[in-house]
Amino acid sequence: MRTSLVRRAAAEAVGTCLLVAAVIGSGIMGERLAGGNVAIALLANAIATGAALVALILTFGWISGAHFNPAVTLCDVMERGIARRDALVYVCAQVAGGVTGAAIAHLMFGLPLFSLSQHARHGSAQVFSEFVATFGLMAVIWGVSKTRANLVPFAVAGYITAAYWFTASTSFANPAVTIARALSDTFAGIRPADAPAFIAAQFAGAISATLFFRWLVPNLPEVAPKVLLPHAESEDPVKTFIFACVHNAGRSQMAAAFFNLYAEPGCRAISAGTEPAERVHPEVAAAMREIGIDLSAARPQKLTDELARGADVLVTMGCGEQCPYVPGLRVVDWELPDPKGQPMEKVRAIRDHVHEQVKGLLKEQCAECCSVC
């Protein structure tokens, strides 16, 4: 399913709005009913926030991914799960939604629309707590999205509920929520002067977790387009390139891996072969692993007429007359030797040649949406 950016941004805005309303509103209610017992008020705040997170991610996740968090959106950009231009709209929607949520919470409890918080939250311990809280949040998101995507709402909510208690800062872990809470002089508030350090720590924690998981799980970008939940795609067309050889176990696998390393969501690469092998050639996998690209999860696939018809460009490298013919499809042929059975020095040379060819293709065909060194 494809959904316009406007609709996805609206889902992010409304979701973040309701999340902030739940955080601030439950803080107000908890404090009023706890009779001065801060532990009871925090418990009510944590339970309500966790419950709201589950419900809101399940409600909006299939539309926008339910980021509700600029740090999550930034990390999704890092792994090319969302285009940079879309991410900017997401972040603006999240911040606007969060501020609106603060106003709604205040109106529900008869308070002024906005009031700058006087709740001091400062010091190295609290700032470090925000780093830990957001590192853990992104770790949970990347790890669970990879293995059990349907459980992400429950895992995220469970982690945030726990982090309310095991961090000194009570786990804001969200720049948009932090900004909104700075406008609320209530139990959940934070002084505006303290917010920038929290926000910096949140981004640092999220980026650190993403870099860690990029090392831990080399094929992490395959997960990124579906964070937090499998969701609607942009209505913007995706330009598809197919890299084809005979066995789909060497040249075409390297080319597609290099292409997707640089490509933004507006472009994507698929590799296929006319006579696919059972696995990627070991010498090819080893050569790519030397430069940090893991092909262990790659599986050769058949180049069919249907697959070719869905492409914008077909790049051939050895399949010749066996490749499908699709009227109107641009075909580019690269003269490249087969790396199968070659010594590693030769395989490395082929790998580097493929890399340069791919960079040239990207600069020619996808300069508007892809970054190439």
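Select Arg-121 and display its polar contacts (pairs of N or O atoms within 3.5 Å; within protein, one must be able to donate a hydrogen and the other to accept it, and residues adjacent in sequence count only if both atoms are side-chain atoms). The side chain of Arg-121 reaches the backbone oxygen of Gly-189 at 2.7 Å, and that of Phe-187 at 3.3 Å. The model is a predicted one, in which local features need pLDDT of at least 70 and side-chain atom pairs count only at pLDDT 80 or more, while totals for chains, interfaces and linings use all residues. Residues are numbered from 1 along each chain as its sequence is written, and side-chain values use heavy atoms, with hydrogens and water left out.

Arg-121 is located in the loop between α4 (84–108) and α5 (124–147); helices are DSSP runs of H or I with at least four residues, numbered from the N terminus. Next, show the residues in contact with Arg-121 (heavy atoms within 4.5 Å). Not counting residues up to four places away in sequence, they include Ser-169, Phe-172, Arg-181, Ile-190 and Phe-198. Arg-121 is buried but has no salt bridge, and Asp-194, the nearest side chain of opposite charge, is 7.2 Å away. Buried means under 20% relative accessible area, exposed over 50%, and partly exposed in between (1.4 Å probe, protein chains only). A salt bridge is a side-chain nitrogen of Lys or Arg within 4 Å of a carboxyl oxygen of Asp or Glu; Lys and Arg count as positive, Asp and Glu as negative, and His and the chain ends are not counted.

Now move to the salt bridges, of which there are nine by this rule. Select Asp-86 and Arg-8, whose side chains meet at 3.3 Å, N to O. This pair links distant parts of the chain, with Asp-86 in helix α4 and Arg-8 in helix α1 (residues 5–33), 78 residues apart. Asp-86 counts as buried because its relative accessibility is 5%. The side chain of Asp-86 also meets that of Arg-85 in a salt bridge, at 4.0 Å, N to O.

Continue to Arg-351 and Glu-290, a salt bridge with its closest N and O atoms 3.3 Å apart. Arg-351 belongs to helix α12 (residues 344–365) and Glu-290 to helix α10 (residues 282–290), 61 residues apart. Arg-351 is buried, at 7% relative accessible area, whereas Glu-290 is partly exposed, at 43%.

Finally, select Trp-165 in helix α6 (residues 152–166).  Trp-165 is partly exposed, with a relative accessible area of 43%.

Definitions and conventions
Helices (H or I, at least four residues) and strands (E, at least two) are DSSP runs, numbered from the N terminus.
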